[in-house]
Amino acid sequence: MAVKFFGQFLIEQGVVTSEALLNAIDLQDKNNLKLGEMAVTMGLITAADIQRAHNAQMSKDMKLGDLLVEMGFLTLVQLNDVITRQKNTHLYIGEALVQIGALTSDNLQKQLDAFKADQSQYVSDVIELPIASANGKIWEMTADLTYKMVTRVLNLRFRPGKCIIVTSIPHNFMLAAMDFAGDAEARFLLSVSERLQKSIAKAILNEESVDNEPAEILEDTVMEFINVVCGNVAAKASQMGIIMNINPPVTVHPPLGGMPVPEGHKALSFPIHIEDGDTMELILLIKD
Amino acid sequence: MKRVLVVDDSLSVARQLEKIISESGDFTCVGHAKNGAEAIKMNHTENPEIICMDMNMPGMDGLTALRTLSVMDKEVKVVMVTSLGGVGDKFTEALKLGAKNVISKPFEADNVLRILREL
């Protein structure tokens, strides 16, 4: 019921043991050379060249390959050759499990089909953002995954509204927030009414009624919902090659007049119109 | 019945897990710690056989606590329960530190119990 990677799926299904998976990951680590290691293996550069490029990376926000070209250690053609060799020799986790004898080739194909079916529910649809952003695909995926979790975790029927840029964060009964750090930085905010907070609490606690629950528990269920969403966003992002770390969720209480968007940020609002007429709002505060 | 300690900063997740564990008939919940430091203390006082622990908690996080527990107590079996289970690096790190399995949130009761029974 969550975004997974293939090795985790195989362990959860009891197809391989955690020990076998770790052995396969070790084999992958030995086989799958990093870009610099591959360039050295191909005799194009030396380990000292890589060290110099790594040192330069401290002050320059560039990928190693681009930096090696800029510093004259590799030509663009050589860089492309290295990347092609990396791709052609890449050992996938399934292949590694077959190589160590933990999985047969026939079973690998069967499990890959089952994995694709399990994860197909998390494949992103296209969502249009009103701004150009370097991590636009990540924010589109974040909204899409939020919609999917509203359906699958909260069991709420809804219609997504058009994404718009907002200049302030409106007051609501409750806002839960989580920060993304790493390759893509943003604050994820979910704004809900009192009624929607109770709907979320019923779904998370799996209870028919939450009328007697303390406010602390009701708030906690909304924070846990966004924790689940953001963790799964981080998982999906890692599959896209983007590292995103998350911090524990917090609650935010904007004043009645709303809260201005912090300087240096853009706020994208994704209204989520619930079937019963209520609306929750996903707001992404993205660093400019 | 096997003794299980739940470690999660979320009150609602702790309640979900405690309910699943106590209604299983095979396990009993011996307590709830809200972060890694509390987990280490309660591992000493409650002597659980299994710990179900979140990764992402304020204060001492789950991986730091797992690292400590794997040195201090070779007997206790730790299962991570986390929304970050699908992040390959985190999953691998947890296994390397000695976690017996990783359960991704949102979880289902059947899946949680199947994994606990396999330990």
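Me: Are Phe180(A) and Phe188(A) buried or exposed?
Reply: Phe180(A) is buried, and Phe188(A) is buried too. Buried stands for under 20% relative accessible area, exposed for over 50%, and partly exposed for what lies in between, with a 1.4 Å probe and protein chains only. Keep in mind that this is a predicted model, where local features need pLDDT of at least 70, side-chain atom pairs count only at pLDDT 80 or more, and totals for chains, interfaces and linings use all residues. Side-chain values use heavy atoms, without hydrogens and water, residues are numbered from 1 along each chain as its sequence is written, and chains are lettered from A and ligands numbered from 1 in the order in which they are written.

Me: What makes Thr142(A) count as buried?
Reply: Its relative accessibility is 0%, so Thr142(A) counts as buried. Thr142(A) lies in helix H9 of chain A; helices (H or I, at least four residues) and strands (E, at least two) are DSSP runs, numbered from the N terminus. Leaving aside neighbours within four places in sequence, Thr142(A) is in contact (heavy atoms within 4.5 Å) with Phe188(A), Val233(A) and Leu284(A).

Me: How many aromatic pairs are there over all chains?
Reply: The count comes to five. Rings of Phe, Tyr and Trp (its six-membered ring) pair if their centres lie within 6.5 Å; planes under 30 degrees apart are stacked, over 60 edge-to-face, and the rest tilted. One of them joins Trp139(A) and Phe180(A), with 6.4 Å centre to centre and 40° between the planes, and is tilted. Trp139(A) sits in helix H9 (residues 136-152) and Phe180(A) in strand S4 (residues 174-182) of chain A, 41 residues apart.

Me: Why is the pair of Phe180(A) and Phe188(A) called edge-to-face?
Reply: Their ring centres are 6.4 Å apart and their planes stand at 90°, so the pair is edge-to-face.

Me: Why are H2(A) and H4(B) called oblique to each other?
Reply: The axes of helix H2 (residues 18-31) of chain A and helix H4 (residues 88-96) of chain B come within 11 Å and cross at roughly 120°. Angles under 35 degrees count as roughly parallel, over 145 as roughly antiparallel, 65 to 115 as roughly perpendicular, and the rest as oblique. H2(A) and H4(B) are therefore oblique.

Me: And what makes H3(B) roughly parallel to H4(B)?
Reply: Helix H3 (residues 62-72) of chain B packs against H4(B) at about 20°, with the axes 10 Å apart. So H3(B) is roughly parallel to H4(B).

Conventions. Axes fitted to C-alpha atoms, helices over the stretch in contact; angles between N-to-C directions.
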